[in-house]
Amino acid sequence: MSSQTPMDFSLPEPPADFSPPRQALWWLKKGGLELGPEWEKAHEICQSREGDMEHDWIHALCHLIENDPGNAAYWFRRAGKPAETRDADALWQDIAASV
């Protein structure tokens with residue numbers, strides 16, 4: 001992430017130069033990794049690009065936050081990632097470092 005625009009969560013929206021996966025991650029973190037309007041925005045971004053590994057991985061994180069492990073496991077498989085049961089914040093950090 002060092003060569004990318006830093007994530008400033010005090011802004012009302014993610015920076016325009018963020019890729020869609022980074023925008024989805026930004027919305028999730030802005031919402032405190034909890035269900036709410038920011039989660040909805042992140043989920044919409046992921047749904048609009050189903051089949052893309054990065055979006056599917058973040059989609060899995062969305063469903064972990066939602067406490068829907070079965071749905072999360074489906075999206076982990078679609079992303080080619082092992083199903084994660086750990087802390088959503090730690091997973092968010094790993095994904096953010098990769099996209």
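## Aromatic cluster

In this predicted model, one aromatic cluster is formed by F9, W26, W27 and W92. W26 is buried, at a relative accessible area of 0%. W27 has a relative accessibility of 8% and counts as buried too, because the cut-off for that class is under 20%.

W92, another member of the cluster, also has a charged neighbour: K29 lies over the face of the W92 ring, at 4.6 Å from its centre.

## Other ring contacts

The count of aromatic pairs comes to four. A pair of aromatic rings is described by the distance of the centres and the angle of the planes. Y74 and W75 form an edge-to-face pair, because their planes stand at 85 degrees, over the limit of 60, with the ring centres 4.9 Å apart. In this pair Y74 is partly exposed, with a relative accessible area of 34%, whereas W75 counts as buried at 6% relative accessibility.

A charge over a ring is found at F18 as well: R22 lies over the face of F18, at 4.6 Å from the ring centre.

D56 is placed in helix α3, which covers residues 53–65. Is D56 buried or exposed? The relative accessible area of D56 is 0%, so the residue is buried.

Leaving aside residues up to four places away in sequence, D56 touches R49, E50, G51, W75, R78 and A79.

## Chain as a whole

The secondary structure comprises five helices and zero strands, and the pattern along the sequence reads α-α-α-α-α. Along the principal axes, the C-alpha atoms fill a box of roughly 35 × 25 × 25 Å. The radius of gyration of the chain is 12 Å; a compact globule of 99 residues would have a value near 13 Å, so the two agree.

Buried residues account for 40% of the 99 residues. Of the contacts with a separation of 6 or more, 41% come from residues 24 or more positions apart. The chain has an accessible surface of about 5200 Å², and carbon and sulfur atoms contribute 48% of this area.

Key:
Residues numbered from 1 in each chain as written. Predicted model: local features only at pLDDT ≥ 70, side-chain atom pairs only at ≥ 80, totals over all residues. Heavy atoms only, no water. Helix = DSSP H or I, 4+ residues; strand = E, 2+ residues; numbered from the N terminus. Buried < 20%, exposed > 50% of the residue type's maximum accessible area, 1.4 Å probe, protein only. Contact = heavy atoms within 4.5 Å. Phe/Tyr/Trp six-rings, centres within 6.5 Å; stacked < 30°, edge-to-face > 60°. Lys NZ or Arg CZ within 6 Å of the ring centre and 35° of its normal. Rg over C-alpha atoms; globule rule 2.2 N^0.38 Å. Areas by Shrake-Rupley, 256 points an atom, 1.4 Å probe, with all protein chains shown as cover.
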